[in-house]
Each structure stands twice: as structure tokens, then as C-alpha cells.
Amino acid sequence: MSLFKTYAGLSRDIYYLCLARTINSTGDFIFSLITLVLTLQMGMSVVSAGIFVSMAALISGPGVLLGGYLSDLIGKKTIIVSGQILSALMIMSCSFWSGTMTIGYLLIAVMFFISITRPAYNALIIQLCPEEKERKSAFSLMYLGANLGIALGPLIAGFFIKDYVHIVFLSIGTVFLISTFIIWKKVHVGASGQVTQTTTGERGHHTQQPQGEQQPYGKQQHQEDQQPGQQQQQQQHKQGRSPSRKQQGSESLPSPLFPMLLKNPLVVFFIVVSFLNYFIYMQYSFSLPLQMNQTFGEHGAAYYGSVMTINAISVILLTTLVLSATRNFTALNSIAAGALFYGIGFGALYLLGDWPQFAIVVVSTVLWTIGEILVQTNINLYIASRVPDSHQGRFNGLLLFVGCLGYTLSPYLTGLFIRSVDMKSVWIIILGISLFYAVCMVLLWYIEKNAMNKQGIESPEFTKSV
């Protein structure tokens, strides 16, 4: 139980946000629902159902980009509440269109609105946690809660999906509304929807404070961050004058994204290279079931179900332990370590070609699950400490967009690998990609550390995982 002290001391808003995300994730299996409804309820072929699933995956890309922009424009909480309410209403309306193609299109629309909320969730955690230690614990708690919900939701729905699909739709919609109500009533942000920000240097690093200390985004005084127009507006209020409508309109738009990208080339590199993370991680849902079928024949599906159970149990049992063990790792070092566990875990499946033993699969699953924990709980931290709050939504949207590309292209490219070589050799390729991903993270860490040393700046707190 002492391990769970890691999550102690967070703000009440974070606990409510994580609770809402846990509740929400119990109905967060729309991809599976699309496939099951279209095949079981409507008798659609697997190929045709796959087209709908692909459409849902593709529409998530524009969704996360739009969600990131709107989060910076009108506020993270507003986007989460609005997106989840629309999703809930659409899901519940599916119960009135049972047996028609309308359900497929409605669920695709639901995926779009869910994807809009994703960057807002990440950006809101960053906004509510000015301290880097809090951010690591908050992302870990959110990840743990989401996996709990994902494990429970499909298990419960499986009893009703075939004969009582309308109950499943109404239940998921109700779950979304409960989650939304908790966020609306219990998660509090500033009146403006933003917390204090910090200035960035020429390359996106923190500017040095007069006392020689550096602070992460969210800790410095708000006055240091304000644009000239904002300072002028406050001065007008002090003098009893109201800012003009023209001024209000111009200040309502978020700052341009492109200049911030130019000032943060290392963050851009990090986002682009993160494609490899999502490409590798997608192997658990594409290459792994194929390997189970090839190795264990007609029992492959049952073995794959066992793999997913082992993965879920490992996440629940190991997340807090892994977080505690890597307490002093930097975010980049944690991701690099996670990439190594990815490579060793998936690479071990190569052994199935000579030793078709399920024990190898069990060990492999635990190893790549540790990699999943290390990467997924740290991938947002790097951006969090190097990007001001005014741009968090859009940068998180870009990261999630790259994730959508990884998830979309991974099955196709891996399929080409399998056709060109053989099934077991693919795991050696994945091992190589994982090692390359780890090297990229270590290289990025070295470049940043070397740049700070040249500037005579000590390693700041924001480079650590906690």
C-alpha cells in the first residue's frame, strides 16, 4: 500500500478528473462496438465492417487536431464537457436505429467527438499540475484508471451485446453523461480557463530567473507571461476603462502555432519520432493475434484473449511499481527504457518459431506491458515542460495525430513485412525499430543536456520524470 502514496498529495480536481476518466473509459470501446454491431446485428462481412472501423480511425486524426486548437481557444474543460455530451447523445440515439446502417455512421461520428476530447484531457492535467512530480503521478493515475475501465467495460457489455444491444448503447451514453457531470461540477479551473504560464527562451527552454533558478511551466508569475495587449487591457481596467470589442476579439484567438514550432525544434523532433511508439505498440492488436493463430492453430483466439487478460492484470499490478522504480528517471530516459522493453518483449516472440510454448508469450506480454507503462505515462511529460499552457492543446493534438498515423499505417506496413519475409522475422524487425526509437530518445536527451551545459544552466527540475 505504501506504493500508492505516490498518488497522495494531488489536488482534488485531479482525483475527480481521473475518476471521471475511469468511469468514461468503461464505455470507451467504440472500435470494438462498431465491429461487433455490424457483424453480429446486421450480418455485415468482416471486410465491410473493417471499412467502417478504418473510417473511424481516419476521422480521429482531424478530430485530435481540431480538439487541440479548440482547447487553446475556448478552454480544455469546455471541450471535454461539450465533446462528451455530444458523444453520449449520439450513442444513446443508436438504440433507436437498431438494425440499420445509421448506427455505423453514428458511431463514426462518436469517434470524432471522442477524439476531440483527447488532447483536452492531456492539456487539462498539465494545466492543473504546475509541479512536474504532480504531472507524472497524475498521468500515471489517469493511465491506471483508464485501463481499469477498459478492462471492465467490454467484459460487462459482452453479456448484452448480442441480444440487448440497445441496453449497451443506453448504458454507454449514461456512463459518458455521469463522467461529464463529475468534470463539470467537480473539476475547477480559473475563470479564464487558464492557469499561469511561463515564458520561453529562443529554443523553447525556460528563461533564467533573476535568482538563477529555473521553474517549470505553470509556476512563474502570470504577469511575466502576459502579452502587451493583455497588460494594456489590465491597465485599462485599473483606470476604469473597458477594452474595446476589437481588442477583445483579437485576444480571444490563441497565439499562432507555427512560430512556437520553430522555437521548439527538439519538441517537433520528439513528436515526429513518437510515430515509432504508436507503430510498435499497434503490434499487440495486429501481429500478435496473427502469431497466436499461426503458433496455436484453432486455439489461437483463446490464447490471444489470455494475452489481453495478462496485459490488463500487468498494467493494474505493475503501473505503480514501475512508477516508483523509475522515480529518478528523466522523461526521455523512461521512454527510452520503455522502448527497450518493447523491443525485448516483442522480440522474444521470435522464439515461438522453434519453441511454440505459451510461457514465452506470457513473459513477452509482461515485458512489453512494462514498456507500455513507461512510455505512455511519460510521453506527455516531455511536451508539458517545454510548451506554454497557451499551446498545450495544439501540441498534444499534434502528438495524438501522429499517434493516429502510427495506428493507421502500422497494420498495413507490418502486413507488407509479413508478406515479404515470414511471421517470426517480423518480431526481429520490431526489435530493431524499438532499439532505434530508444536511441532517438537518448540522443534527444544528450542534445538537450549538452545545450544546457554550454549555456551554463544546471539540469532543471522539469527534465526529470518526477
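Trainee: Leaving aside its neighbours within four places in sequence, which residues is S287 in contact with?

Mentor: They are T414, M423, V426 and W427, where contact means heavy atoms within 4.5 Å. Before we go on, this is a predicted model, so local features need pLDDT of at least 70, side-chain atom pairs count only at pLDDT 80 or more, and totals for chains, interfaces and linings use all residues. Residues are numbered from 1 along each chain as its sequence is written, and side-chain values use heavy atoms, with hydrogens and water left out.

Trainee: Why is S287 called buried?

Mentor: Buried means under 20% relative accessible area, exposed over 50%, and partly exposed in between (1.4 Å probe, protein chains only). S287 has 0% relative accessibility, so S287 counts as buried. In the protein, 50% of the 466 residues carry that label.

Trainee: And what makes L152 partly exposed?

Mentor: Its relative accessibility is 45%, therefore L152 counts as partly exposed.

Trainee: Where do S287 and L152 sit?

Mentor: S287 lies in helix α14 (residues 287-296), and L152 is in helix α6 (residues 132-157). Helices are DSSP runs of H or I with at least four residues, strands are E runs of at least two, and both are numbered from the N terminus. The protein comes to 20 helices and zero strands.
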